[in-house]
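Hi,

Here is the structure I said I would pass on. Have a look at it first, and my notes on what turned up follow below.

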Amino acid sequence: MPADTSIDRVMRTEAAPRKRRWWRRKSDIGALDYARRWWMKLFVGAMFAMLYAPIITLMLFSFNDSRRNIVWKGFTFKYYIKAWNNDGLIEAFANSLTIAVISTVLSTIIGAMVALTLWRFRFPGKPAYEGFMALPIVVPEICMGVAMLVFFARIGWPSGMPWPLNLSSITIAHVAFSFPFVAVVVRARMTGFNRELEEAAKDLGASEWQTFRDVILPFMKPGVVAGALLAFTLSLDDFVITFFTSGPDTVTFPVKVYSMVRFSVTPEVNAASTVLVVITVIATFFAMKFQAPVKGSAD
Amino acid sequence: MESWKTNRFVFWVMSLPGTFWLLVFFLVPMSLVWIMSFGEKTGILTIDITWTLENYIRSTETVYLEIIWKSVWVSALATIACLLIAYPIAFAISFAPNRWKPWLLLAVILPFWINLLIRTYALIAVFRTRGFVNFSLEWLWDGANSILNFVGLGQFQLLGERFEALPLLYNNGAVIAGIVYVFMPFMVLPLYANIEKLDKSYLEASLDLGASHVRTFWSIVVPLTMPGIISGIILVFIPALGSFLIPDLLGGTNAQMIGNVIERQFKAANDWPFGSALSFLLMYATFGALALRAVLSREGGGMNA
Amino acid sequence: MTDAIISIRNITKRFGQVVAVDNISFDIPTNEFFALLGPSGCGKTTLLRMISGLENPTEGAIILDGVDTTGIPPNRRPVNMVFQSYAVFPHMNVLENVGYGLKVVGTPKSEIETRARDALQKVQLPELAERMPDQLSGGQRQRVALARALVKEPKVLLLDEPLSALDAKLREQMRLELANLQASVGITFIIVTHDQDEALSMADRIAVMDSGRVSQIATPEELYESPKTRFVADFIGKVNLLDGTVGSAGGKQITINVDGVGQLKVPLEGDAPSGEVAVAIRPEKLKLSSRKPAGDDVKIQGKVVNLAYYGNASHVFLETDSGLPMTANVQNDTRDFEGAIDVGDKTWISWRPDDALVLTE
C-alpha cells in the first residue's frame, strides 16, 4: 500500500537527525529492561565473580598438590586424607555436629512455640515482648559471647563432664541465639496463613486440637523446616560465641579451624573448609526448597 | 488474633519455654556483664562489685577512644562501600526476568550461609603477600616488562627494579574489604525487597514525563526506596561495628577494632570489668543505631522497611 | 413465625468502642434464600459470623431451630459456611476437603467417601475429586467449598460474599446455580453481599443493612418499588429524590411542596406524614417528551444536560427549569436513538402520580 510506505518514510526521515548513539542501535531493550543492559550485566557479573572467587579458589586449592598453595601443581586428595587423620579436627567436627543437632531440635521447638504465641495471641506488653525476643538477633555477637563466658563462670557450670554433657554450655548458648531466628522464620510463614482456613475447619466441626493438627501444622511445616535448617547452619557456623563458651577440651570445628589458621594457612584447612561449605550448601538448598511458597496457599 | 485470656493454658504452655530460656540464658548473663562493668579487679580471679565508674572512665583514654573512633569510621566506610555495590545488584535482580530472580537471590544469599570463618580465611589467601592478587599483579608486571624489553626499553627499568608485592593484608583496607565481602547480603536483601515492591509505573511515568534515566533514579527510585537503604545501612553497620573475627584475622596489630579489645580483656589481659564496660558501650551504640532507624522509618511516613 | 429456623433476637456486637451490629432482631423461615445486603462495614458479615459461632454477640441471642446457640462453639453448631476466600485447604485434595467435616466427627471412612462424592455430584464436580486445590479455577474452588459445607447437611448454609472473587460472566451463571441449588437441597441459605443485583436476583427476602442496623426486610420487588427509607431507595437501584414539605393530605393522596417545582401529588399509604419529606421516583418511571403531555401525569419542564449510552438503555441527565438535577432512564427500543434526544434539548419530564413515593426517613 503506497500510503503506508510514505508515512513510513516520513517517520524514518524525521527520526534520522535525532542523536543516535552507537550503543542504542538495533536494540529491542525496553526502557525499564535495566537488567538487559550490558553495563549492568557487566557490573553484576563482576560483583558475583568477586563474591565467589575467593571461596571457589579456596575449594579448588584443597585439591592442589602443593604446600605453597599458590600455583597449581596437580590434583590430589592427600589433604583430605590428612584432615581425616587429624584426630583433633575430627573430634571438633563431631562436637560441632552434636551441638548443631541438639541445638536445632531445641531451638526449633521453642522458636515455633514462640512464633505461634506471637501469631495467635494479643496480650499486654506484646511489643515489648517481641523486642525482647529479637534481642539475641540484634545484640553484637561479641557481647553475647562474653556474657556467656561470664554467666557460666559465675554460676560455676560444671566442666569436664562426660560426653555429651561437656557440650551443654555451648549448646545452651547456641539455643539462646538460634531460637529467635526460628521464631522469626516461622512467624513470617504464619502471616501468610489465611485465618478463614482455621475458621472453616472449626465451622466443619473440628476441635481446637484437630484444627491445629489438620490445618495449622501442615501450613506451618515449611516454615518449621526452614527455621530448623537455619538453626542448624547458625550453630554449625558460629565462631564468636562458641569461642568464649568453649573450654580446652570442648573445641568445635570453627574454633579448631581458627587456631589452625592463626598458626598457618595450610591446604588441610582448605580441605576441611570445603567439606563444611558443601554441607552448608546442601542444607541451604533444602532450606530454599522448603521455603518456596506453597501454591494456592495465599488465597 | 485473640486475647490471651481466651485460652490461658495454651498461652502459658506456648510462651513459657522461650521466655524462660531467654530470661535465664540471655538476660541473666547480660545483666551479669552489666553489673560486672561496675566492678573492680582485686585479684587474678576475684572481682568486687563496687559500683565504680572507673571502667567507663578508662574507656575514654586516648588509646581506647582512638580504637572506638577507628571502629566507627571503618564500619562507616565499609557500609558506604556495601551500599554502592549492593544497590546496582539489588536493582538488577529486581529488573531481571522472573524466572531468574530466585536464582540470583540465592546467589547473593548463599555466601551468607557459608561459615564466616571460612569466608574470612578465603580472603587471606587472596590478599596475603604471596596471595592471588599479588600473584596476578606480578604476572602482569612480568608481562609488561617483557613487552618493554621487546620494544627496547628494558634497560630503563620503568616499572621499578623488581616487583614489589602490595601490602594488602593486615591493615584497615583489608578489614574494610573483609566487612564489605562478608556483610554484602545484609545490604542487598532489604534493598531488593524495597525496589521489588516499588511500583514500576512510577518509573515509567517519570520517563514519560521527560526525565532521564539518571534523573528518574535520583528523584523517584532513591526516595521511594529510602526505607530499604536505611535498613541496609543499619543491618551492615551494626554487625560491622561489633565485628571481631574480621579485624582479628585480616587486620593485624594496627587495625584492631573494639571487638578485639573486648576479647583481649576477657582472654589475654584478664580484666573482665573493663571488658564488660567496653562490651556495654558497644551495646549502647547498637541500640542507638536501632533507635535511629526506628525514628527514620517513622519519619518516612508509613513507608516501612 | 412458627417455622422460623433462625431467630435473631436483639443482637448487638461491639468491638471495643465500635458498634458493628446494633440491636437487630428478625426471623428467617425454613427453606428461604435470605440475603444480607449493605455497603461494606455495615455489619452484615459480623452478623453472619455470629450465626456461625465464629464471633459471639455482646448482647442478645440467636435461636437456631428452637435452640439458643449462646455459648455453643462453631464446631458444634449445625450451620456451615462458605467463606469469602473459599478457604479450601491447600494441602488436601478435593475429596479430602469435602470429607473433612465428616472425618473430624468420626464418620466411618466408607460413608465419608460416598457422601463426599454425592456432594461433589450436587455441585457438578464429580470428576475432579482427586485434584489439588491449586489445580482448580476460582469457580471450581467455590463449588468445592459449597460441597464441603453441604455434605454436613447443615440446617442453615451461610455464604460470605461467595461471588465476589469470580469474574463477571461466571458470577452471573453462579447466581442462577446457587438459587437452583438452594431450591433442590431445601436448606435455608443466608448470603452476605454488597452487590444489589446479586441479592435481587437470588434471594427470596433481603435485609438491607446500614451502619449496624436493618433498614428494611422485604422481598426484592418490595425493596425496589416500595423502599421505606432514603437509604434503601438510594442503595438499591437509582432514584430521583426531590426534597419537599408536606402540603395537604386528603384520602389516598398527599401533596408535597417541592421548591421550584411546585406541588406534587403522591399516593399515600397509611398515616399521613408531616414536615420534611422526599419524593422518590425511579429514573425508568420518567417519561420525556418535546410537547406537553396531556392527562393527569405530573409534568415539569427541563433540559437535557448530558447523555450516557448503555446499549439497551440510556441515562438522560436532566435539569429542571428551577435547577434541580434529575435522571431518566430511557429504553433504546429503536435503533435511531441518536436523533431522538440531544444535549441541550428542552423537554417535558412527566410521571404517573402512582409511580412516585414519599419517604419520611
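**A helix pair in chain B**

Leu116(B), Arg119(B), Thr120(B), Leu123(B) and Phe127(B) in α5(B) meet Ala174(B), Gly178(B), Tyr181(B) and Val182(B) in α7(B). By class, the residues of this contact come out as six nonpolar, two polar and one charged. Before I go on, please keep in mind that this is a predicted model.

Helix α5 of chain B covers residues 116-127 and helix α7 of chain B covers residues 172-197; the two pack at an angle of about 135°, and their axes are 10 Å apart. α5(B) and α7(B) are therefore oblique to each other. The crossing of α5(B) and α7(B) is right-handed.

**How the chains meet**

Which chains share the most contacts? Of the two pairs of chains in contact, it is A and B. On the chain A side 64 residues take part, and on the chain B side 68. Helix α1 of chain B (residues 8-36) gives the most to the side of chain B that touches chain A, namely 15 residues. Sorted by class, that side of chain B has 53 nonpolar residues, nine polar ones and six charged ones.

**Chain A by itself**

Chain A has 12 helices and one strand. Of the 299 residues in chain A, 44% are buried. If you take the contacts in chain A with a separation of 6 or more, 78% of them are between residues 24 or more positions apart.

**The sheets of chain C**

Chain C is where to look for sheets. One is an open sheet of four strands in the order β2-β1-β4-β5, with antiparallel pairing. β2 (18-29) and β5 (67-68) of chain C are at the edges with a single partner strand each, so one side of each has no neighbour in the sheet. Strand β4 of chain C (residues 59-64) is joined to β5(C) by two bridges, and the two run antiparallel. Here Ile63(C) stands opposite Asp68(C) in β5(C). Helix α1 of chain C (residues 44-52) lies across β1 (4-15), β2 and β4 of that chain, and runs at about 120° to β1(C).

Another open sheet in chain C has five strands, in the order β13-β12-β11-β14-β20, again with antiparallel pairing. Its edge strands are β13 (262-267) and β20 (357-359), each of which pairs on one side only. On average, and with direction ignored, neighbouring strands of this sheet are turned by 45° against each other. Within the sheet, five bridges connect strand β11 (residues 240-250) with strand β12 (residues 253-258) of chain C, and these run antiparallel. Gln253(C) in β12(C) is the bridge partner of Gly250(C).

Then there is β19 of chain C. Which strands does β19(C) pair with? One of them is strand β15 (residues 287-289) of chain C: three bridges join it to β19 (residues 346-351), and the two run antiparallel. In that pairing, Lys287(C) has Ser350(C) in β19(C) as its bridge partner. Strand β16 of chain C (residues 298-309) also pairs with β19(C), in the antiparallel sense and over six bridges. There, Ile300(C) stands opposite Ile349(C) in β19(C).

That is what I have for now.

Cheers

Notes:
Residues are numbered from 1 along each chain as its sequence is written. Chains are lettered from A and ligands numbered from 1 in the order in which they are written. This is a predicted model: local features need pLDDT of at least 70, side-chain atom pairs count only at pLDDT 80 or more; totals for chains, interfaces and linings use all residues. A residue is buried if 20 or more other C-beta atoms lie within 10 Å of its own, exposed if 12 or fewer, and partly exposed in between; C-beta atoms are placed from the backbone. Two residues are in contact if their C-beta atoms, placed from the backbone, lie within 7 Å. Ala, Val, Leu, Ile, Met, Phe, Trp, Tyr, Cys and Pro count as nonpolar, Asp, Glu, Lys and Arg as charged, and the others, Gly among them, as polar. Two strands pair if DSSP finds at least two bridges between them. Axes are lines fitted to C-alpha atoms, for helices over the stretch in contact, and angles run from 0 to 180 degrees between N-to-C directions. Angles under 35 degrees count as roughly parallel, over 145 as roughly antiparallel, 65 to 115 as roughly perpendicular and the rest as oblique. A crossing is left-handed if the near helix is turned anticlockwise from the far one by less than a right angle, and right-handed if clockwise.
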